[in-house]
Amino acid sequence: MNRVILIGRLTRDPEVRYSDNGHTVARFAIAVDRRFKKENEQNADFINTVAFGKTAEFIEKYFFQGNKIVVEGRIQTGSYTNQDGQKVYTTDVVAEQVEFGESKNSNNTNGSANESRPAPSSAIGDGFMNIPDGVEDEGLPFN
């Protein structure tokens, strides 16, 4: 199965083109942080991505450089011969579905977007947060 899910930030605004027969193509790169970082190595991978049709139009309308994006799709390899006669191999992710990686208010500095969440200061040393009594029952349809 050829399936990939990426979460990262656009390195530039998507480059959108329209073909003569009305097809839309969006090309962009996503900076995806590496899980483990080593000294003197880059901290992210830059993944070339392409989207077609309605997905490309959605990306053109709503995504810009620096936006966090979730991409689900497949890896596609190919090759072409450049102007110097050399064969060039390519690897792209073909985006079949995209989502916003963060809310519009995530950069809000006044904290209003996170008012209903417990304060991060209640985190304990193992990285888990203590949940106050009664919080786990809020809003769940299967009580």
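Visitor: Which residue stands opposite Thr90 in S6?
Guide: Strands are DSSP runs of E, at least two residues, and helices are runs of H or I, at least four, numbered from the N terminus. Two strands pair if DSSP finds at least two bridges between them. Here Gly78 stands opposite Thr90 in S6. Strand S5 (residues 68–81) and S6 run antiparallel, joined by 13 bridges. This is a predicted model, where local features need pLDDT of at least 70, side-chain atom pairs count only at pLDDT 80 or more, and totals for chains, interfaces and linings use all residues. Residues are numbered from 1 along each chain as its sequence is written, and side-chain values use heavy atoms, leaving out hydrogens and water.

Visitor: Is Thr49 buried or exposed?
Guide: Buried means under 20% relative accessible area, exposed over 50%, and partly exposed in between (1.4 Å probe, protein chains only). Thr49 has 2% relative accessibility, so this residue counts as buried. Thr49 sits in strand S4, and its bridge partner in S6 is Val93.

Visitor: How is a pair of aromatic rings described?
Guide: By the distance of the centres and the angle of the planes. Rings of Phe, Tyr and Trp (its six-membered ring) pair if their centres lie within 6.5 Å; planes under 30 degrees apart are stacked, over 60 edge-to-face, the rest tilted. By this rule there are five aromatic pairs. One of them, Phe58 with Tyr62, is tilted, at 5.1 Å centre to centre and 50° between the planes.

Visitor: Why are Phe58 and Tyr62 separated by about one helical turn?
Guide: Because they are four residues apart in helix H1 (residues 53–62).
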